[in-house]
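These are my notebook entries on a single protein model. I looked up its strands, then its helices, and then its aromatic side chains.

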Amino acid sequence: MHKDPEVFKLYLCDTGLFITLAFWDKDFTENSLYQKLLNDKMSTDLGYVYENVVAQELVASGNELFYHTFKSETSHHNHEIDFLISRENKICPIEVKSSTYKRHASFDEFCKRYSARILHKYIIYTKDLRKEKDLLYLPTYMTQML
């Protein structure tokens, strides 16, 4: 793995403020985007909102945030791992999903490449707790347990 100071993500430590800043399009009484968000009627992917929630929970639980990208061998895009945390001299990759969780190609590729360095693997998503082989699927609200 390598460190690239050119690649980073920013998170706001107050997710409520982040949502307000990101979706506040008009006065409160006419704010269509904010109302859709509050009523779970947004048609857009809200992955970045959930990533912000997870970032806030990880930091509040005493974790340092690490983000990792690496080049794809099969296409021109980069793979990304949302978060890496360290445990017992190993790493634990975390992928955050806001809705469907069936595809996580970057996560799978990372786990294949660095399997000897991985202690636990986590998908944090909006559904119920479950385990599939060595992959633990956690509801967003359980992030603080990591």
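**Entry 1. Strand 4 and strand 6.** I began with the pairing of strand 4 (residues 121–125) and strand 6, which run parallel and are joined by five bridges. The model is a predicted one. Within this pairing I noted that Ile124 has Leu138 of strand 6 as its bridge partner. Tyr122 is likewise bridged to strand 6, through Leu136.

**Entry 2. The other neighbour of strand 4.** I then looked up strand 3 (residues 90–96), which runs parallel to strand 4 and is joined to it by three bridges. Here Ile94 stands opposite Tyr122 of strand 4.

**Entry 3. Burial of strand 4.** Is strand 4 enclosed or open? I found five of its five residues buried, so strand 4 is largely enclosed by the rest of the structure. In a regular strand, side chains alternate between the two faces of the sheet. I therefore read strand 4 face by face: Lys121, Ile123 and Tyr125 lie on one side, Tyr122 and Ile124 on the other, and all are buried, which means that both faces are covered.

Entry 4. Strand 5 (residues 130–132) runs antiparallel to strand 6, with three bridges between them. Lys131 has Leu136 as its bridge partner in strand 6. The hairpin of strand 5 and strand 6 has two residues between the strands, and Lys133 in this hairpin takes a positive phi near 55°. I also noted that Arg130 lies over the face of Tyr137, at 4.0 Å from the ring centre.

**Entry 5. Ser106.** Next I looked up Ser106, which is found in helix 4 (residues 105–113). Is Ser106 buried or exposed? Its relative accessibility is 16%, under the 20% limit, so Ser106 counts as buried. Its side chain makes a polar contact with the side chain of His79, at 2.9 Å. Leaving aside residues up to four places away in sequence, Ser106 touches Phe70, His79, Glu80 and Ile81.

**Entry 6. Aromatic side chains.** How many aromatic pairs does the structure hold? I found three. One of them is formed by Phe110 and Tyr114, a tilted pair with 4.8 Å centre to centre and 45° between the planes. Phe110 and Tyr114 are both buried. Together with Phe70, these residues form one aromatic cluster.

**Entry 7. Helix 3.** I checked the span of helix 3 (residues 47–60): its 14 residues reach 20 Å from first C-alpha to last, close to the 20 Å expected at 1.5 Å a residue. Its buried residues are Gly47, Val49, Glu51, Asn52, Val54, Ala55 and Leu58. An α-helix has 3.6 residues a turn, so residues three or four places apart point the same way. Just after helix 3, Gly62 takes a positive phi of about 90°.

**Entry 8. The whole chain.** I closed with the overall values. The protein has four helices and six strands, and from the N terminus on these elements run α-α-α-β-β-β-α-β-β-β. Of its 146 residues, 38% count as buried. Among contacts between residues at least 6 apart in sequence, 51% join residues at least 24 apart.

Note on methods: Residues are numbered from 1 along each chain as its sequence is written. This is a predicted model: local features need pLDDT of at least 70, side-chain atom pairs count only at pLDDT 80 or more; totals for chains, interfaces and linings use all residues. Side-chain values use heavy atoms; hydrogens and water are left out. Rings of Phe, Tyr and Trp (its six-membered ring) pair if their centres lie within 6.5 Å; planes under 30 degrees apart count as stacked, over 60 as edge-to-face and the rest as tilted. Buried means under 20% relative accessible area, exposed over 50%, partly exposed in between (1.4 Å probe, protein chains only). A charge sits over a ring if NZ of Lys or CZ of Arg is within 6 Å of the ring centre and within 35 degrees of the ring normal. The expected span of a helix is 1.5 Å times one less than its number of residues. Two strands pair if DSSP finds at least two bridges between them. A polar contact is a pair of N or O atoms within 3.5 Å; within protein, one must be able to donate a hydrogen and the other to accept it, and residues adjacent in sequence count only if both atoms are side-chain atoms. Contact means heavy atoms within 4.5 Å.
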